[in-house]
Amino acid sequence: MWRTRPQAARTAPVQVADTVSAGDCFLTGLLVALLSRPSFQSANRVDELALNEQDVQKVPCHPVASTSLCVWQTGPSLATVDPGLAASRPAFREV
């Protein structure tokens, strides 16, 4: 079990709004967490990549938090990201 601290557990169920991109958020969060560890930053070769006990406890927190934020709300639509782009159709020309 990755969770070793009882205070880190949620006791209330989470209302899921949208699961689109949840896997992407988890993987991105995991990569960010791993690459931010000092042991990964100082490695010069693949066989030097290692996680210590502290890493094993801290690394999973980031991807789980990223995924939780992703599924608790509906993702942005194109209209909210760039209203001008959503209003116009893309123009294609032959090359």
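The points go from the basis of the model to its overall make-up and then to single residues.

1. The model is predicted, so that local features need pLDDT of at least 70 and side-chain atom pairs count only at pLDDT 80 or more, while totals for chains, interfaces and linings use all residues. Residues are numbered from 1 along each chain as its sequence is written, and side-chain values use heavy atoms, with hydrogens and water left out.

2. The protein has 6 helices and 0 strands, and its elements run α-α-α-α-α-α from the N terminus on; helices (H or I, at least four residues) and strands (E, at least two) are DSSP runs.

3. Among contacts (heavy atoms within 4.5 Å) with a separation of 6 or more, 68% join residues 24 or more positions apart.

4. Of the 95 residues, 16% count as buried, a term that means under 20% relative accessible area, with exposed over 50% and partly exposed in between (1.4 Å probe, protein chains only). The accessible surface comes to about 7,900 Å², and 60% of this belongs to carbon and sulfur atoms.

5. Asp-18, in the segment before α1, is buried because its relative accessible area is 19%. Its side chain reaches the backbone nitrogen of Val-20 at 3.1 Å.

6. Why does Leu-31 count as partly exposed? This residue of helix α1 (residues 22–35) counts as partly exposed because its relative accessibility is 46%.

Conventions
Accessible areas come from the Shrake-Rupley method with a 1.4 Å probe; for residues, only the protein chains shown count as cover. A polar contact is a pair of N or O atoms within 3.5 Å; within protein, one must be able to donate a hydrogen and the other to accept it, and residues adjacent in sequence count only if both atoms are side-chain atoms.
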